[in-house]
Amino acid sequence: MRGLLASSIGVTCAAALALPLTSPAAAARPASPASAGTAFASTASANTAAGAEARGTAEALGSTQSLPLAPLASRDRTLAPAVAEQGLPRRDVRHFSLVGVVWNDPDTVLHGSVQVRTRAVGADTWSGWQDLETHNDDAADPGTAERTSGRVHGATAPLWVGDSDGVEVRVRAEADRRTEDTARGSRTATASAPLPTGLRLELVDPGSSAPAPNTREAAPAAAPRAVVPYDTAPSGEPGAEQGAEPAADPAALDADAANAGLAAPGATEIPELSRARTERELFSLRAGELTTQQRAKPYIGPRPRIVTRRGWGADETLRERTFVYTKKVKAAFVHHTASGNGYSCAQAPSLIRGIYRYHVKSMGWRDIGYNFLVDKCGNIYEGRAGGVAKAVLGAHTLGFNTNSMGIAVLGSYGTTKPPAAVVKAVARLTAWKLGLYGANPKGKTYLKSGGGNLYPKGKKVRLNVISGHRDGFATECPGRKLYGKLGSTRTTAARYQGR
């Protein structure tokens, strides 16, 4: 609404400035039909041009359609009236590629099913029903400024459906069925819990494609600007930085500067390094924090190639401007995004932009929740802003975000085996990032719970240095097939570190 208001004001001003200045006497005289028609056409033309420019800008940056769900008539007569069903019938909508459902209270669990079907742009047929993962347990820790901002919502995991312009959705509460008269075959059912309040369908257009990654090695960047320390409350709301010229957007400059020494300002990727150069970089980045043993024998994997936020096309005006850090990185939690596997690796930047917008605009987070993302071709992407070599506080493992990092593999890996390129990329990334902080990928560590459904707040929990999301929270994430690969990931990462 704010953007629309600003655009409307801009259109009005543009039209007003386009009109010639006249004397009061001339202004008082009625215009002839011909001149009135010319003036109207001129104003309409200015409005049309300005409107087209505004639409082009919105399409480039992406957009979100938020549609409230309404009760649906249940087709199952055996269900009691308490079993709720909400949704939207088939309808035409603006282009979108990512879909999810959100609700008011982030602490309310949706016990039931969420299904969507979509129509691809230019097609007449509709897809089959697709399930959305209702237990989306990636979140900021309880009590943190991000969690208590008042903007956070409950949500399903988002689903990537590709370029679409038609949608239908149904949300159904889970029911407890019980047979009352076996002889006559009659039965009744009662709902175990009502649906959450404020259910809305979120349709995300990730915007235009990201720039092609720069494969040339970049020169060292200038020193970064001051950033916010751990536990400093974020200021402002997402999207507060409006009106800056794209080439000089302060938030984008800050995101670049956070990677100073690793890539030049404006770089679309951080290049991979040899082991020897990575060790020299370690001494440069953490010289005053290394132990005598680490200086004598640094265990760190060669730095992998990482696509920067600029490389995947992040709109830095969406997120909160400041960065928040923890003290170190003691563990890595591996996730999957549960967004489906129907994307190509060329579409991965679009998928990440969609998840980013969904996390910030739909779910109310300060930035994308994960510290890193990996596509099914093994490409590694910078996630939450603040610097890939730094201990950036994420929102990925509820209760264990402090002193950890979150790596999300794009896709769903409950029944699908992750490609070898994925396992290798996660091993390379963890070998490098954990090595910056002296952590052994095959080892164990203790993290203090911030509160969750497995461990109470304040409990010290012994975890694998490379853990799955389900190790810190009762969830299916990162999917059975990906979780089963974590053992080999730990071994490979340790080998990359020279252990």
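How many bridges join β3 to strand β7 (residues 159-173)? There are 9, and the two strands run antiparallel. Before you click around: this is a predicted model, so to speak of local features takes pLDDT of at least 70 and side-chain atom pairs count only at pLDDT 80 or more, while totals for chains, interfaces and linings use all residues. Residues are numbered from 1 along each chain as its sequence is written, and side-chain values use heavy atoms, with hydrogens and water left out.

**Stop 1: strand β3**

Select 85-103, which is β3. Strands here are DSSP E runs of at least two residues, helices are H or I runs of at least four, and both are numbered from the N terminus. Two strands count as paired if DSSP finds at least two bridges between them.

- β2 (residues 70-71): 2 bridges, antiparallel, with A70 partnered by G87 of β3.
- β6 (residues 154-155): 2 bridges in the antiparallel sense, and W103 stands opposite G154.

While you have side chains on, remember that in a regular strand they alternate between the two faces of the sheet.

**Stop 2: two helices**

Next, select 275-285 (α5) and 420-436 (α9). They pack at an angle of about 35° with axes 10 Å apart; the axes are lines fitted to C-alpha atoms over the stretch in contact, and angles run from 0 to 180 degrees between N-to-C directions. The crossing is right-handed, meaning that the near helix is turned clockwise from the far one by less than a right angle.

Show T278, E281, L282 and L285 on α5; they meet W432, G435 and L436 on α9. Contact means heavy atoms within 4.5 Å. By class, this contact has 4 nonpolar, 2 polar and 1 charged residues.

**Stop 3: T475**

Finally, jump to the loop between β19 (466-468) and α10 (480-483) and pick T475. Is T475 buried or exposed? Buried, with a relative accessible area of 14%; the cut-offs are under 20% for buried and over 50% for exposed, with partly exposed in between (1.4 Å probe, protein chains only).

Leaving aside neighbours within four places in sequence, T475 is in contact with H135, D137, H469 and R470. Also draw a distance from the T475 side chain to the backbone nitrogen of C477: 3.2 Å.

Note on methods. Polar contact = N/O pair within 3.5 Å; in protein donor to acceptor, adjacent residues only side chain to side chain. Nonpolar A, V, L, I, M, F, W, Y, C, P; charged D, E, K, R; others polar.
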